[in-house]
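Good morning, and thank you for making time for this presentation. Please keep the sequence and the coordinates in view while I go through the chain.

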Amino acid sequence: MKNNNNSNRSLAVKSSSFKNKAARLVQQLFYASAFILLFSACSSDDGGSDENKSDYYFRASVGGRKIDFRTAKFQGGGNDDRFEMIVVGGFDGPHPTKTGEVMPPSLDFEIWRVGGNITAGTYSTPAELEMMGRYAIQTKDGTILYNTAIGDDLFTVKIESISKKGIKGTFEGTVRNVSSGETISITEGTFNLPYDQIVNP
């Protein structure tokens with residue numbers, strides 16, 4: 001009888017762990033969608049203004065291809081002027097102007113520390129449980145998504161500075177397609193973005 005109780009407890013712990021991971025994945029996919037929608041709604045003017053064409057940038061090598069992302073944004077928030085969550089990302093190309101055109105590929109990462117504060121420092125998956133890196137390729141048949149939601153792929157962000165003025169730092173890592181298991185290497189990632197403004201570097 002004692003063995004059955006231990007076995008039931010073990011199954012309950014495993015089930016709870018799986019449910020937590022699934023809930024986290026759903027939450028992160030929701031925010032990825034919200035991030036894409038935010039850019040879609042706010043960035044109808046791809047040319048941007050001369051004010052935005054300054055020293056701001058969001059760059060990386062994705063699968064060996066160097067990209068200066070065309071539109072980029074840093075957003076975040078939290079209680080008491082803290083950053084309990086941040087999202088940094090951009091799009092590799094112009095936004096659609098005609099019906100039937102698809103969004104360009106996007107790269108982003110997010111970090112969550114609800115109740116805490118995201119400051120200058122190093123953040124890495126899988127140790128940072130509420131963190132995710134993503135690369136999304138849009139097709140007419142849907143989104144091909146690579147992320148850090150499965151496996152033990154390492155994705156590291158080094159934040160040099162962060163404030164309500166902006167964020168600066170570097171990143172690199174590996175993102176994986178959930179369906180195929182295929183990975184993409186992200187290297188030479190670097191960013192310098194103002195707070196809550198879409199820029200066209």
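D81 is found in the loop between β3 and β4. This is a predicted model, and in it D81 has a positive phi of about 60 degrees although it is not a glycine. Is D81 buried or exposed? Its relative accessibility is 68%, so D81 counts as exposed. A second residue other than glycine with a positive phi is D196, where the value is near 55 degrees. D196 belongs to the segment after β11. Its relative accessibility is 44%, and D196 therefore counts as partly exposed.

Another backbone feature concerns a peptide bond. T125 and P126 are joined by a cis peptide bond, with omega at about -5 degrees. P126 itself is placed in the loop between β6 (121–125) and β7. As background to these remarks, most residues other than glycine have a negative phi, and most peptide bonds are trans.

Let me now turn to the overall architecture. The chain contains 1 helix and 11 strands. Along the sequence the order is α-β-β-β-β-β-β-β-β-β-β-β. Of the 201 residues in the chain, 41% are buried. Among contacts in the chain with a separation of 6 or more, 61% are between residues 24 or more positions apart.

The average pLDDT of the chain is 81, and 73% of the residues score at least 70. Which stretch has a pLDDT below 50? That stretch is residues 6–52, which has 53 contacts in the model beyond near neighbours in sequence. Where pLDDT is low, the predicted coordinates should not be read in detail.

The largest nonpolar core comprises 31 residues, and F58, I86 and F171 touch the most other members. Elements that give two or more residues to this core include β1 (57–62), β3 (71–77), β4 (85–91) and β5 (106–112). The others with two or more residues in the core are β7 (131–139), β9 (155–163), β10 (166–177) and β11 (183–194). In soluble globular proteins, nonpolar side chains tend to be buried together.

I now come to the aromatic rings. Across the whole structure, a search finds 10 aromatic pairs. One of them is formed by F58 and F69, a tilted pair with 5.1 Å centre to centre and 50 degrees between the planes. F58 sits in strand β1 and F69 in the loop between β2 (65–68) and β3, so far as sequence is concerned 11 residues apart, and the pair links distant parts of the chain. Why does F58 count as buried? The relative accessible area of F58 is 1%, and the cut-off for buried is under 20%. F69 is also buried, with a relative accessible area of 0%.

F155 and F171 form a stacked pair, with 6.2 Å centre to centre and 25 degrees between the planes. Because F155 lies in strand β9 and F171 in strand β10, this pair ties together parts that are 16 residues apart in sequence. Both F155 and F171 are buried. Which residues do ring pairs link into a cluster? They are F58, F69, F109, F155, F171 and F191.

Rings also take part in two arrangements with charged side chains. The charged end of R59 is positioned over the ring of Y57, 4.3 Å from the ring centre. K164 lies over the face of F83, and here the distance to the ring centre is 5.6 Å.

G169 is buried, its relative accessible area being 1%. Leaving aside residues up to four places away in sequence, G169 touches K158, I159, E160, G189, T190 and F191. For G189, which is 20 residues from G169 along the chain, the C-alpha separation is 8.5 Å. F191, one of the residues touched by G169, is also a member of the aromatic cluster.

To close, I return to two points. F58 and F171 are among the residues that touch the most other members of the largest nonpolar core, and both also belong to the ring cluster. By contrast, residues 6–52 have a pLDDT below 50. Thank you for your attention.

Terms used: Residues numbered from 1 in each chain as written. Predicted model: local features only at pLDDT ≥ 70, side-chain atom pairs only at ≥ 80, totals over all residues. Heavy atoms only, no water. Core = buried A, V, L, I, M, F, W, Y, C linked by side-chain atoms within 4.5 Å. Buried < 20%, exposed > 50% of the residue type's maximum accessible area, 1.4 Å probe, protein only. Helix = DSSP H or I, 4+ residues; strand = E, 2+ residues; numbered from the N terminus. pLDDT = per-residue confidence, 0-100. Contact = heavy atoms within 4.5 Å. Phe/Tyr/Trp six-rings, centres within 6.5 Å; stacked < 30°, edge-to-face > 60°. Lys NZ or Arg CZ within 6 Å of the ring centre and 35° of its normal.
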